[in-house]
Amino acid sequence: MTSSYSLFLFKRHRVHGMLKLYYGLNEEGKAEEQPESLDPCDINGPHFDPELFLNKLRRECSLAELMDQETCMVKQIRSLDSDMQTLVYENYNKFISATDTIRKMKNDFKKMEDEMDCLSANMAAITEFSARISGTLQDQHAQITKLSGVHTLLRKLQFLFELPARLNKCLELQAYAQAVRSHRRARCVLQQYSHLPSFKGIQDDCHAIMDKLAQELRQKFRDGGSSAKDLSECVELLLQLDEPAEELCDKFLSHAQSRLDTIPSPTSNTDILEFIDRGCNEFVSSLCLVITSYQELFINHAQKGELASKNIPQMANGKLNAFVDDLAARYFSLVERRIQEEKGVADNSLLVRALDRFHRRLQAVTKLLPGSAVPNQGTEIVIRAATERVKQYLSALQSFYMDSLTDVRQALATPRLPELLSSLSASILNQIKSVLASVHLFTAKDITFSNKPYFKGEFCSQGVRESLVVSFIKFVCQSSRQFCESAGDKGGSTPPALLLLLSRLCLDYETSTISYILTLTDEQFLVQHHSPVTPVTTLCAEAREAAQKLLNHYVKVQGLIISQMLRKSVETRDWVNTIEPRNVRAVMKRVVEDTTSIDVQVGLLYEEGVRKAHSSDSSKRTFSVYSSSRQQARYAASYTPSAPMDTNLLSNIHKLFSERIDIFSSVEFNKVSVMTGIIKISLKTFLECVRLRTFGRYGLQQIQVDCHYLQMYLWRFVSDENLVHFMLDEIVGSSAHRCLDPAPMEQSVIEVICERG
């Protein structure tokens, strides 16, 4: 493995050097002015030493990591070999093609040179021949020109005298275009010589005929039964007959709207793709035809004479934009209503194909009418549809998560917390991947709007990453934190095991899952973080905060459950008139059993944690009702030599110098810390309940027995056994201070009772 790895490193270094030399780069692939890396272990640096690199890998990596590294290097070798082979093939093909081109150019230029010589000779012959013809006809040229002018004039006069009959014939045959062309040819001449009686008569006859023709064209235009081609020809002829352009524009658009209104609207009971297809094929295609015809008549048609000075195209363009905007608004309203009916999130393919077809067909309007807002409005519909679909997927993810929690909650009775956690985490992750795959259809390469800057960047970063993935992660954290808001001494109706499981889920999200999900999203959608997005660290911090809050609440809930048992056991007993203790009370056994069960439960999801070193006699620690006061008695003489020291005062002074115990502090993410928090809450409740009761002799002795029994077992669960010792000392000492006849039980008797019970 070492030899092959060395060979790979040398080969890769050599190949990289050749490629970088070819492209004019230095050893690092950067510009020459960039500083070079001097690290001999930098595989991309100029000073790379394979042996040093191998020695470093052998020292720092395990065998499995070395094998992974070798596999990675082999893949890179193959990739580089493939790239280099491709580069060589491409350059070779280009070289062969260039050689063939040069050879062909040589042949073509030689042939072209011969043809140019031939052409030059022919031109010289033609020039010579033309000069001889001009010389021969020079004498007759003036006479021919004069006769040609007379002939042209006679033809014009003949055309003028025959014009009324020609116009009548065209009117009978409905050859309106030919009649208008003939009249326009003669109109200027008749106007110029209208002072002559013969020309005046011809002009009057022509005007009468053309008035009749214009009346027939107007009637034909009003009927609206003609085809689009006939209608366009009719409008063009009316414009040539000096009909008001604005009135013609209004009539044309009114007629077009009446034709478009007759197109049946697609029904909403069809699927979305068929709906869009019918709308595009019938409405959008007809609208494009109207736009094209209108532009040919009023905008693109070259105007001459008086029509050019009226600026008809500008006026006509404004009317067309208003007309298209109005019709498009009505069509878009239908499309949006139909898109809103697409509520299912099972399959996106039909919706995406429909939106793609809708967007694609609207691009025709962009080409025909560049200044129109219709394409942008259509694009906004596509963006809104995609955004709405993302919201639907977010809602589906949230519903799936809550349903999964319900299933987990029902399965909490069985001791399968690790399996439940793994199943929940895997199902959520698979659902996210499925949703991303469905949403990814919006960015497929064959979708026209997917590569548009106004869609892809905003949709990927803000739509998918922020509105879908980040929002779902925040929802998981927020909904998990809501389980901590339940009130009540027992933490409401939330099972403690669910709190523990959710805390571990949020902690796993913080350590790895969030980073994995966002990396997967960025890779699939090629997210460019140009716009501000939520960083991974912020989401991880939110997940850790949720995990901490859930674990703290779990400790509080479990502590309150045990505390409730201890409180009832203290408050419901007559401690003054109780009998002499012979057994450990059942509630103490229940406390130990529940604590053990909780320890097992927490251990299923969290690591052990760190404990302080235990003493050899932790389970046999004894409690004296005057342990604190006796401990202080050695120092009492220094304060009051002639009077006994008050034991309560000495106990309180001792507490001032003791380490403070924070009962409800945040716990760490390990089993020992969790159990320590639960036991602190339980013993603190026990202590406070004892301080509110009055004890007789046997009541005090029963407390001694109970505390010794707790000491035998609880020290194993906490991080520092001295904490249990101190709090149990406080309980026994407080009982003694509240006792009417403080006569403690012998330690040997206590041990016998606890070992027996």
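This is a predicted model: local features need pLDDT of at least 70, side-chain atom pairs count only at pLDDT 80 or more; totals for chains, interfaces and linings use all residues.
Local features require pLDDT of at least 70 and side-chain atom pairs pLDDT 80 or more, whereas totals for chains, interfaces and linings use all residues. Residues are numbered from 1 along each chain as its sequence is written, and side-chain values use heavy atoms, without hydrogens and water.

Helices are DSSP runs of H or I with at least four residues, numbered from the N terminus. Helix H2 (residues 50-60) and helix H3 (residues 63-137) have axes that come within 9 Å and cross at roughly 140 degrees. H2 is therefore oblique to H3; oblique covers angles other than those under 35 degrees (roughly parallel), over 145 (roughly antiparallel) or 65 to 115 (roughly perpendicular). Axes are lines fitted to C-alpha atoms, for helices over the stretch in contact, with angles from 0 to 180 degrees between N-to-C directions. Contact denotes heavy atoms within 4.5 Å. Phe53, Leu57, Arg58 and Glu60 of H2 meet Glu65, Leu66, Gln69 and Met73 of H3.

The structure contains zero disulfides, a disulfide being a pair of cysteine sulfur atoms within 2.5 Å. For Cys506, which is in no disulfide, the nearest cysteine sulfur is that of Cys477, 5.1 Å away. Cys506 is buried because its relative accessibility is 1%; buried means under 20% relative accessible area, exposed over 50% and partly exposed in between, with a 1.4 Å probe and protein chains only. Cys739, at 11%, is also buried.

Arg504 lies in helix H16 (residues 496-525) and is buried at 15% relative accessibility. Excluding neighbours within four places in sequence, Arg504 contacts Leu421, Leu605, Tyr606 and Glu607.

Definitions and conventions. Helices (H or I, at least four residues) and strands (E, at least two) are DSSP runs, numbered from the N terminus.
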